[in-house]
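Biologist: I am new to this structure. Could you walk me through a few of its features?

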Amino acid sequence: MPEGSFVCKIAKDLGIEISRLVSGKARVVTKGGRQYVDLSRDKGTLVVKERIDREELCKQTTPCSFSFDLIVENPIQLHRVTIEVQDINDNAPLFPKEHVNLNIAENAVLGARFPLDSAIDTDVGLNGIQSYKLNPSDSFKLEVHSQTGGNKYIEMVLQRELDREERNEIKLVLVATDGGSPQKSGTVKIHVTVLDANDNAPVCKQSVFKTEVGEDSPAGTIVGTVSAADADEGINAHVSYSFALASKEARELFEINPDTGEIRLLAHLDYESQNSYQLNINARDKGGLSDTCKIFIDVIDENDNSPTIQLMSFSNTIPENSPVGTTVAVINVDDADSGKNGVVQCSINQNIPFKIESSLTDYYSLITEDMLDRESLADYNITILVSDQGSPARHANKTVTVKISDVNDNSPVFYSEEYKTFVSENNSPGLAILTVKANDSDWGPNAQLSYFLKDEEDMRGARPSSLVSVNSDTGAIHAVKSFDFEQLKSFAFNVTARDGGSPPLSTEVTITIIIQDQNDNTPHVLYPVQTGGSVVAEIVPRAADVGYLVTKVVAVDVDSGQNAWLSYKLQKPTEKPLFEVGLQNGEIRTVRQVTDKDAVKQKLTVVVEDNGQPSRSAVVTINVAVADSFPEVLSEFTDFARDKEYNDNLTFYLVLALAAVSFLFITCVVVIISVKIYRWRQSRFLYQSNLPVIPYYPPHCTETGATGTLPHGYNYEVCMTTDSRKSDCKFSTLGGHNVLVVDPSFTETMQRAMKENNVLKEEYSTISVREFIVANINF
């Protein structure tokens with residue numbers, strides 16, 4: 001059939017849609033041989049790719065066929081197709097020789113047989129040789145015999161006695177005809193020379209000889225020996241040996257010694273091409289008499305072919321989340337040997353998540369046996385091992401590399417579970433605080449990380465974005481503003497690391513920023529209070545012992561640590577100071593006995609200094625009176641009097657505040673009583689109407705002061721004069737030490753009282769600012 005000829009509708013025969021052939025990239029795969037047919041995917045048919053010579057393909061084997069594999073991918077399907085090649089009568093019978101010369105003794109007995117080379121017709125069946133005809137047929141007749149395996153050999157049989165004197169030669173024509181249509185034939189000319197009488201023909205010692213030879217036997221190996229005996233003597237008893245009937249291949253592989261009958265090997269045998277040979281040996285004497293014997297040569301298979309490996313389909317890259325059982329490759333293995341020498345076992349290297357399974361004959365599938373993890377191993381070198389069962393066994397191997405493509409299955413991991421760092425207060429905005437780093441075990445975009453600040457309000461309502469910022473590429477954290485330790489000592493926030501996968505994976509880490517204090521605040525003196533109003537003085541008796549506690553300076557520093565450690569010292573003490581201040585506690589005590597030389601009025605300046613670097617300080621001035629009597633003190637401190645208007649105004653505001661608080665208290669009491677009465681009336685009404693009673697809870701009453709609503713009740717204590725009939729004035733004390741308050745109004749009051757027999761009869765009392773603050777420190 002010419003190229004392109006239609007063979008069959010393979011898609012219909014296999015039950016496959018034509019679209020499946022196209023999408024699956026169906027193709028024809030042959031194993032090492034020629035490809036005689038091709039696949040037309042769009043039509044689903046097989047067509048002839050090149051002209052087929054059945055005789056070249058199969059020789060005399062019938063029926064003649066060839067096989068190939070049809071592979072369809074995505075998913076992989078495998079079909080084995082066998083096509084039979086039908087013979088046509090395209091070869092005529094052909095004899096090995098165009099001329100044959102025979103020497104026949106004239107005394108040849110009737111029925112003597114003379115073998116002839118049969119014709120060869122490479123066609124088979126009816127197209128092969130069907131008949132032989134000998135012309136003329138007066139002296140000889142033709143007999144055709146069938147041999148084992150279907151071969152034929154022919155003999156001429158003498159049917160009339162020969163007479164050399166009458167006829168010394170005979171010319172014959174042997175015609176071989178096949179059964180084809182039209183018939184074809186071949187001829188050979190036979191020239192018979194009639195010899196003088198030789199009345200004994202050679203006789204083979206065995207009509208059939210059998211022998212074996214290994215296919216790996218070298219050239220020159222003696223395969224076997226045939227022998228024949230001739231009862232004649234002399235030259236008529238000398239027997240020569242030759243091939244009477246042998247194929248062309250056999251003549252190329254074997255030779256026979258004409259004198260000894262030894263058959264030797266000429267070339268290398270191949271069991272896979274042909275495993276047995278039959279030779280017909282003609283033993284002939286000089287007189288032309290002959291006998292024919294047969295020798296059968298069996299070729300013994302040797303394990304001389306190594307297995308072969310062919311990848312029919314292969315996916316060199318698979319994703320790491322491929323399910324167990326995913327097909328990676330389809331493998332074809334083959335061994336040209338036979339028997340156990342051709343039985344092949346296939347395996348792969350151990351300790352890998354793959355296995356190999358047999359699918360069709362000589363086909364194996366490489367599939368995944370376990371889940372893959374690119375982060376553990378990104379590629380696998382898989383060695384496919386095949387071995388036959390020969391002795392010794394032959395092996396072959398092929399290594400393929402399977403790469404594992406990445407899937408975003410790993411979240412970012414920070415180098416630390418939690419970050420903590422320190423930042424000094426009063427930093428400059430934009431200060432680099434620290435850098436967070438995370439690692440992602442994935443690859444490519446799945447491992448590209450970005451950093452984000454989780455901007456959620458904390459318990460104090462502050463957002464981290466108002467304090468810090470995060471570089472999305474590097475993870476560097478910068479301060480957005482300057483921090484103040486006194487307002488914010490520490491804060492925490494979360495940073496998210498997110499990869500570039502789809503969908504992305506993320507991980508959070510907590511960062512704690514601790515603000516470190518700096519000495520940026522000056523100490524603040526709580527006591528004694530330094531105001532622009534009344535003059536405050538501490539009284540020290542002249543009889544005070546050494547170590548007498550005069551007063552105590554109380555100061556605080558809003559800084560922390562050593563920046564808040566305070567020390568106290570007197571500024572510019574005199575040559576023989578009367579007082580000293582405790583370095584740590586601020587207590588002012590006497591260091592010696594009071595003498596007459598000591599002034600009544602003492603003014604002490606105390607410096608309060610913190611322990612910061614550099615240190616900060618505050619100064620407080622304390623007035624001390626050294627006296628035993630009150631008039632003596634007054635006479636010394638009249639020059640410290642201040643403007644009466646200031647004190648009167650302060651007294652007015654204090655009285656106003658007390659009045660407002662009293663008014664609010666009375667209002668609350670009235671409201672509570674009203675609510676009680678209302679609830680009592682409601683309860684009676686509900687009781688009488690049989691309606692359910694709903695409890696009523698009135699709002700809590702609050703006390704209101706001069707500055708607004710107070711969430712708690714406060715006690716107000718007022719220092720006033722006692723009964724004028726018993727004493728003139730009652731002074732407030734702090735810590736068991738005398739405190740003197742001197743202001744202009746009080747001086748006038750004292751002078752008027754002394755004039756009126758030292759009896760104080762005013763209906764009001766003067767309230768000292770200092771006494772009010774000391775007595776009401778809780779307020």
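Modeller: Start with how elements are named: helices and strands are DSSP runs, numbered from the N terminus. This is a predicted model. Asn 74 lies in the loop between S5 and strand S6 (77-85).

Biologist: What is phi of Asn 74 near?

Modeller: First the general idea. Most residues other than glycine have a negative phi. Asn 74 has a phi near 55°, a positive value in a residue that is not glycine. Asn 74 is exposed, because its relative accessible area is 61% and exposed means over 50%.

Biologist: Where is Asp 362, and what is its phi?

Modeller: Asp 362 sits in the loop between strand S27 (354-358) and strand S28 (363-368). Its phi is positive too, about 65°. Asp 362 counts as partly exposed, since its relative accessibility is 29%.

Biologist: Which residues are joined by cis peptide bonds?

Modeller: Most peptide bonds are trans. Here, the bond from Thr 62 to Pro 63 is cis, with omega near -15°. Pro 63 is in the loop between helix H3 (54-58) and strand S5 (64-72). Ser 181 and Pro 182 are also joined by a cis bond, with omega about 0°. Pro 182 belongs to the loop between strand S12 (169-178) and strand S13 (185-195).

Biologist: How many disulfides does a search of the whole structure find?

Modeller: The cut-off is a pair of cysteine sulfur atoms within 2.5 Å. The search finds 1 disulfide. Cys 58 and Cys 64 form it, with their sulfur atoms 1.8 Å apart.

Biologist: Why is that disulfide right-handed?

Modeller: The torsion about the S-S bond of Cys 58 and Cys 64 is about 70°, so the disulfide is right-handed.

Biologist: Are Cys 58 and Cys 64 buried or exposed?

Modeller: Buried means under 20% relative accessible area. Cys 58 is at 10%, so it counts as buried. Cys 64 is at 2%, so it is buried as well.

Biologist: In what order do the 4 strands of the open sheet run?

Modeller: Strands of a sheet pair through backbone hydrogen bonds, either parallel or antiparallel. In this sheet the order is S32-S39-S38-S35, with mixed pairing. Strand S32 (418-424) and strand S35 (450-454) are the edges, each pairing on one side only. Neighbouring strands are turned by 30° against each other on average, direction ignored. Strands S38 (residues 490-498) and S39 (residues 506-516) run antiparallel, joined by 9 bridges. Ala 497 stands opposite Thr 507 in S39.

Key. Residues are numbered from 1 along each chain as its sequence is written. This is a predicted model: local features need pLDDT of at least 70, side-chain atom pairs count only at pLDDT 80 or more; totals for chains, interfaces and linings use all residues. Side-chain values use heavy atoms; hydrogens and water are left out. Two strands pair if DSSP finds at least two bridges between them. Helices (H or I, at least four residues) and strands (E, at least two) are DSSP runs, numbered from the N terminus. Axes are lines fitted to C-alpha atoms, for helices over the stretch in contact, and angles run from 0 to 180 degrees between N-to-C directions. Buried means under 20% relative accessible area, exposed over 50%, partly exposed in between (1.4 Å probe, protein chains only).
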